[in-house]
Amino acid sequence: MDTPFAHYLRTNNAPSADELASIKDYLANYVRQRCSVDSDVTRLKQLLEENMQRQHNLTKAIEAHRSMASSIRRLPQDVLRRIFSYTLPKDHNAVMSVQEAPMLLGRICSSWRTIAWSTPQLWTSIHIPVCIAAASGSESSEDRLQRIVRNTDAIKEWLSRSDSCPLSISLFQEPREEWIRHVAVEFIFPSPDGFKGQIVYNLIQVLLSFSARWKKISFEAPSATLALLTKLMEADVPILESLKLESNDCGKIPAVFQFGTSGMSASESPWRAAGILKANQLHALHLSRMQGTSSMDFPVKWSHITQLCLRGHDRHTGQSLILDIPRILSVLRECPHLKTFFVKPTPPRVQSVHSSWPPLNLDSLESISISEHDAGVSLFRYLNLPSLTHLEYQGSSSVDEHMPGRELHTFLLRSNVSIGTLSLDPCSLTPEALISCLHLTPSLTKLHFGEGYFSPTYRVNPLQVDAPKNRSISLQPLNDMVLEKLTPTAGSVNARCLCPELVSVDCETGVSFSDQVLLSFLQGRSKRHLGVAKLSRVRVSFNRSESDAVQPELAAFCRQHEDLDLQLKYTPRVITRSYSPREGLPSAAYNIFASPV
């Protein structure tokens, strides 16, 4: 600072009386200069604010005029409608959420809302969750009930917008005893009794009013709710092609409610004459844990069926679907055009062998999923599948303690089929059994390790846990030995390994191999060898933390091979109970019965 009094700065020395007068003169001069600068700052601030406002106004004007000249404004409505159709989900029905299409399209502008609301193709699919369990947040059960009431009117409006288009509808109702009781009462008595029962009854009635346009239908609900569908006649569902009915009853159902009508005998079960099962166009059928009948005496036109999924009840009860090998084979004999078959038999009370039964030839069958139980003879023993390309197996380790998966191995050994996709429950096999099976699938291109279509983690439903019991062997077959067998020999011109055509690997459970062996596998399969295909996709979920020693090398490998679709997860999946409009939707990998058109 330029001042003759600098020697007083940063000290506690006091100036003399003469110096004090001079200091006051200097101070007055500084004050005058400060006032001048303040005036300039105020003027410049005002000028800046004026220019910032002008800048804002000009920006708005530019954006407004640019939007006027944007290409999307000039698009014909039919083109815009086509673009809107690509915003719909591909692997499940549309959900009732303003965060997703088609509802999201109505939140952009009034023009888009008018177009979206008047485009029937956008409203041809819907997923409906009926859940009242209190969420983890502030939402109460009563709040959920009120939402279902509001949604019923919204569903009617949604489906009305679809005009005359075929419909794809999926409904998931959580398995709660109070729902079962109220809905059953309403089916018995014309006058609905009880607020909660009235809600479900009204919702189902809305859906039934659109039955003439049902094309793909999926209902996972208590058996009393499913029984409401037996009111439909064959003529009520003229274009129905795909039907999924899954009973998710929890606990024991009172006998008076088992069939949906009071005092009904097994021979009078409404499903024995249900018109919806007689639909002439029906070719994809899923029946799971059905109540009200212990047999497969359904009025289905089996010769029309090309996709079939059957799941027996998990325990023997008086009037639940008992699905044993004789009944399964009896149905399969009536399905000459069957291409896809998923089955989970009812656990047999006693193990029985029917060696005299001749194998059944299913020449058209291309995809099969079999879930074994702790006892009994495998269905594989009785099937000849010459066209099989996709195989899924979920077994029990206690079927044969000496060699889990023996029936699968025997089937592959005698079939000599070209399996392209193999999906296995890793807890069903030892590493040795797994390697033995992989030796018999040299044409394999896709390998999946997970719990399969019928496992508890197939959908997020914490209220219903169906965990396997009585497993006598703890298996983690995906160890270093298995992965090393799939790794081409290093330094060899003609690399040899199992499954040389493999391009896709998914490991969801049962993983126990090390990061180092995984890295060697990725490196060995990262380029095409003579007779060995190059990997294009790898998914691995570990139930442990990553290895610090190998992570830098894995990261470097990922940077060098960006064309490889690689995902490694080291944290377990956490299931929360907060409400979601997606509750009850199946996994995309197995959704073959309720996918939208």
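Helices (H or I, at least four residues) and strands (E, at least two) are DSSP runs, numbered from the N terminus. By that count, the chain holds 13 helices and 16 strands. This is a predicted model, in which local features need pLDDT of at least 70, side-chain atom pairs count only at pLDDT 80 or more, and totals for chains, interfaces and linings use all residues. Residues are numbered from 1 along each chain as its sequence is written, and side-chain values use heavy atoms, with hydrogens and water left out.

**Whole chain**

- Of the 597 residues, 48% count as buried; buried means under 20% relative accessible area, exposed over 50%, and partly exposed in between (1.4 Å probe, protein chains only).
- Take the contacts between residues at least 6 apart in sequence: 76% of them join residues at least 24 apart. Contact means heavy atoms within 4.5 Å.

**Helices α2 and α3**

- The axes of α2 (residues 77–85) and α3 (residues 110–117) come within 10 Å and cross at roughly 80 degrees.
- Axes are lines fitted to C-alpha atoms, for helices over the stretch in contact, and angles run from 0 to 180 degrees between N-to-C directions.
- The two helices, α2 and α3, are therefore roughly perpendicular to each other (under 35 degrees is roughly parallel, over 145 roughly antiparallel, 65 to 115 roughly perpendicular, the rest oblique).
- From α2, Q77, L80, R81 and F84 meet W112, I115 and A116 of α3.
- By class, this contact of α2 with α3 has 5 nonpolar, 1 polar and 1 charged residues (Ala, Val, Leu, Ile, Met, Phe, Trp, Tyr, Cys and Pro count as nonpolar, Asp, Glu, Lys and Arg as charged, the others, Gly among them, as polar).

- Strands β11 (residues 390–394) and β12 (residues 421–424) run parallel, joined by 4 bridges; two strands pair if DSSP finds at least two bridges between them.
- L391 has L422 of β12 as its bridge partner.
- β12 also pairs with β13 (residues 446–449), in the parallel sense over 4 bridges. Here S423 has H448 of β13 as its bridge partner.
- β12, α10 (residues 431–439) and β13 make a right-handed β-α-β unit: with the strands pointing away from the viewer, the path from the first strand over the helix to the second runs clockwise.
- 7 of the 9 residues of α10 are buried, so α10 is largely enclosed by the rest of the structure.
- The buried residues of α10 include L434, I435 and L438. Its buried residues pack against α9 (406–415), β12, β13 and α11 (480–485).

**Loop residue S164**

- S164 sits in the loop between α4 (141–160) and β2 (167–173).
- S164 counts as exposed, at 57% relative accessibility.
- The C-alpha atoms of S164 and R213 are separated by 7.2 Å, although the residues are 49 apart along the chain.
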